[in-house]
Amino acid sequence: ALAANRSCALAYELLGTIKEKELSYTDAAHAYERAWQLEHEAGATVGFKLAFNLLKAKEYVGAIDVCHKVLRAYPDYPRIQKDILEKARMALRA
């Protein structure tokens, strides 16, 4: 799908899912980041997946930044705060 249409957010999201299953969190984060950009940073689900993979790739500052953007757009999305934001903050302090 990416060869046919490089502006398809769903294709990048699927690529991210594949890379995540391969435990390649950095590559997954890059794919999810591209998908999120194509969605104009509006998708909470893709934002969550991006933040999760950034956390797994030990890119804590990036994960925190994405969490803040998602929470600004979706304040009633507490799962991202508990599952990612708090863990990323704790990892930075350690």
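The following legends describe close-up views of a predicted model.

Residues are numbered from 1 along each chain as its sequence is written, and side-chain values use heavy atoms, with hydrogens and water left out. Because the model is predicted, local features need pLDDT of at least 70 and side-chain atom pairs count only at pLDDT 80 or more, whereas totals for chains, interfaces and linings use all residues.

**View 1. Arg-34 in helix H2.** Arg-34 lies in helix H2, residues 25-38 (helices are DSSP runs of H or I with at least four residues, numbered from the N terminus). Its relative accessible area of 32% makes Arg-34 partly exposed (buried is under 20%, exposed over 50%, partly exposed in between; 1.4 Å probe, protein chains only). Between the C-alpha atoms of Arg-34 and Val-46, 12 residues apart in sequence, the distance is 9.9 Å.

**View 2. Leu-85 in helix H5.** Helix H5, spanning residues 78-93, contains Leu-85. Leu-85 is buried, because its relative accessibility is 2%. Beyond neighbours within four places in sequence, Leu-85 is in contact (heavy atoms within 4.5 Å) with Ile-64, Cys-67, His-68, Leu-71 and Ile-80.

**View 3. The largest nonpolar core.** This core has 25 residues, of which Leu-50, Val-66, Val-70, Ile-80 and Ile-84 touch the most other members (a nonpolar core is a set of buried Ala, Val, Leu, Ile, Met, Phe, Trp, Tyr and Cys residues joined through side-chain atoms within 4.5 Å). At least two residues of this core come from each of H2, helix H3 (44-56), helix H4 (60-73) and H5.

**View 4. Surroundings of Leu-50.** Residues up to four places away in sequence aside, Leu-50 touches Ala-29, Tyr-32, Glu-33, Trp-36 and Val-66.
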